[in-house]
Amino acid sequence: MKLHTIPDFHNGKFPPPNSLKKFLLLLLYFILLTTIPFCLRNTSPFSLLSPPESDDISSLEEDDSSKTCNVFNGTWVPYFEEPYYTNETCNLIIDQQNCLKFGRPNKEFLNWRWKPDECELPLFDAVQFLELVRGKSLAFLGDSVGKNQMHSLLCLLTKVAYPEDLSDRYYTDTSYFKRYFYPDYNFTMGTLWAPFLVKSIESDSNGYSPNSQMNLYLDEPNEGWLNDVEKFDYVIVSAGQWFFRPTMLHENGSLIGCSTCKYDNLTTFTPYYAYRKAFRTVFRTLLGLENYKGVTFLRTFSPSHFENGAWNEGGNCVRTRPFAREELKVDQYIWDMHSPQVEEFRVFEELGKKRGLEFKLMDTTEAMLMRPDGHPNFYGHSPHRNMTLADCVHWCLPGPIDVWNEFLLYFLRTQQSSLDGKTIEV
């Protein structure tokens with residue numbers, strides 16, 4: 001901003017009356033100009049997702065002062081630039097999230113961008129990302145929403161490079177376990193499928209269905225990721241919607257009760273109990289693995305947006321715009337899912353410091369609560385899904401989920417800047 005020069009009165013002489021009047025008016029203008037923005041600054045309507053003890057996990061120095069910016073507190077603002085990619089420029093979008101391919105008529109969901117309250121979130125830079133992860137590896141540990149983020153990242157990187165699909169070299173079940181390699185950067189990306197994070201066994205006598213009963217062993221890690229996780233430099237842990245299924249809960253080798261079930265002779269637990277224990281087991285296991293040196297990210301609960309009924313009762317998600325802050329209503333179950341995973345994270349974040357392991361919080365829940373318009377609804381196809389059911393759990397690609405990888409790059413830039421002893425610009 002260009003400012004007028006303020007007269008110098010240090011020589012002890014006062015200016016003529018007209019000059020003094022002009023000076024006072026100029027001074028008043030300057031005061032108003034510098035104070036009004038602070039009065040207009042928005043604040044988050046709920047403190048669930050921005051704890052007051054927030055540390056450098058979710059904040060960066062904006063300058064040489066002590067001011068910090070939490071990139072997870074903000075709003076969605078109109079943005080009319082072309083998306084990073086489309087279904088025509090990226091052939092790595094799976095049909096389940098390919099909303100444009102299957103004829104979604106409204107495309108306004110692409111015209112929004114996440115704006116933190118106190119800073120700018122940089123656009124995703126594929127070249128910078130690949131340079132930062134050169135020679136490293138990244139795993140998405142969890143369920144299909146984690147795979148959703150991986151496909152977003154694959155498409156974001158197509159501006160620079162396409163990967164080699166090496167899944168069949170590593171796994172027999174390549175529908176759920178994937179491995180991609182970028183030879184020019186010696187960078188590996190993959191999924192470690194574990195929708196409950198812990199050991200789980202199908203227990204429904206009627207066979208598998210979207211709501212079939214599972215046995216969960218809450219203190220035992222899932223071997224599907226346990227055998228591979230030490231090979232990765234970055235691990236993004238996430239899980240959520242599967243915990244609302246009927247589950248038989250086991251601890252210390254014994255059945256302790258069930259969740260979302262109706263057995264008169266068993267103790268009933270909420271899904272949130274199992275959810276907490278699952279994250280505790282994951283973090284405890286990672287902390288105890290001798291050869292695990294990776295950076296562990298917790299990507300927080302991703303809310304669904306079913307309206308007009310539950311997922312199996314005709315519910316859908318037909319909205320075409322984000323929620324504004326004043327429209328946002330946080331259902332109790334969101335609190336109950338978000339709180340235990342973050343509380344467990346905080347405990348192991350501190351324990352990790354003693355072992356020299358980094359735990360980082362990717363607190364995406366608030367941003368995604370505001371995006372009821374970002375789901376496939378009926379504009380996604382899957383060979384494993386009943387097409388009469390709306391998908392209000394996963395996210396369209398391209399779509400709001402791309403911001404998760406903007407957050408990821410932001411973390412990587414922060415980490416590199418910290419190693420270089422520099423302050424990152426936002």
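This is a predicted model: local features need pLDDT of at least 70, side-chain atom pairs count only at pLDDT 80 or more; totals for chains, interfaces and linings use all residues.

Before I start: the axes I use are lines fitted to C-alpha atoms, for helices over the stretch in contact, and angles run from 0 to 180 degrees between N-to-C directions.

I looked up the strand order and got β9-β10-β12-β13-β14, five strands in an open sheet with mixed pairing. Which strands stand at the edges? They are β9 (198-202) and β14 (268-269); each has a single partner strand, so one side of each is left without a neighbour in the sheet.

I checked how β14 is held to strand β13 (residues 254-259): two bridges join them, and the two strands run parallel. Opposite F269 in β14 I found S259.

Helix α6 (residues 271-288) lies across β9, β10 (214-221), β12 (247-251), β13 and β14. I noted its angle to β10 as about 35°.

I then turned to α6 and helix α7 (residues 332-355), whose axes come within 9 Å and cross at roughly 20°. Angles under 35 degrees count as roughly parallel, so α6 and α7 are roughly parallel to each other. Their crossing is right-handed. On the α6 side the contact includes Y272, F279 and R284, and on the α7 side I picked out M337, E344 and F348, among others. What kinds of residues make up this contact? I wrote down twelve nonpolar, three polar and seven charged.

Note on methods
Residues are numbered from 1 along each chain as its sequence is written. Side-chain values use heavy atoms; hydrogens and water are left out. Two strands pair if DSSP finds at least two bridges between them. Helices (H or I, at least four residues) and strands (E, at least two) are DSSP runs, numbered from the N terminus. Contact means heavy atoms within 4.5 Å. Angles under 35 degrees count as roughly parallel, over 145 as roughly antiparallel, 65 to 115 as roughly perpendicular and the rest as oblique. A crossing is left-handed if the near helix is turned anticlockwise from the far one by less than a right angle, and right-handed if clockwise. Ala, Val, Leu, Ile, Met, Phe, Trp, Tyr, Cys and Pro count as nonpolar, Asp, Glu, Lys and Arg as charged, and the others, Gly among them, as polar.
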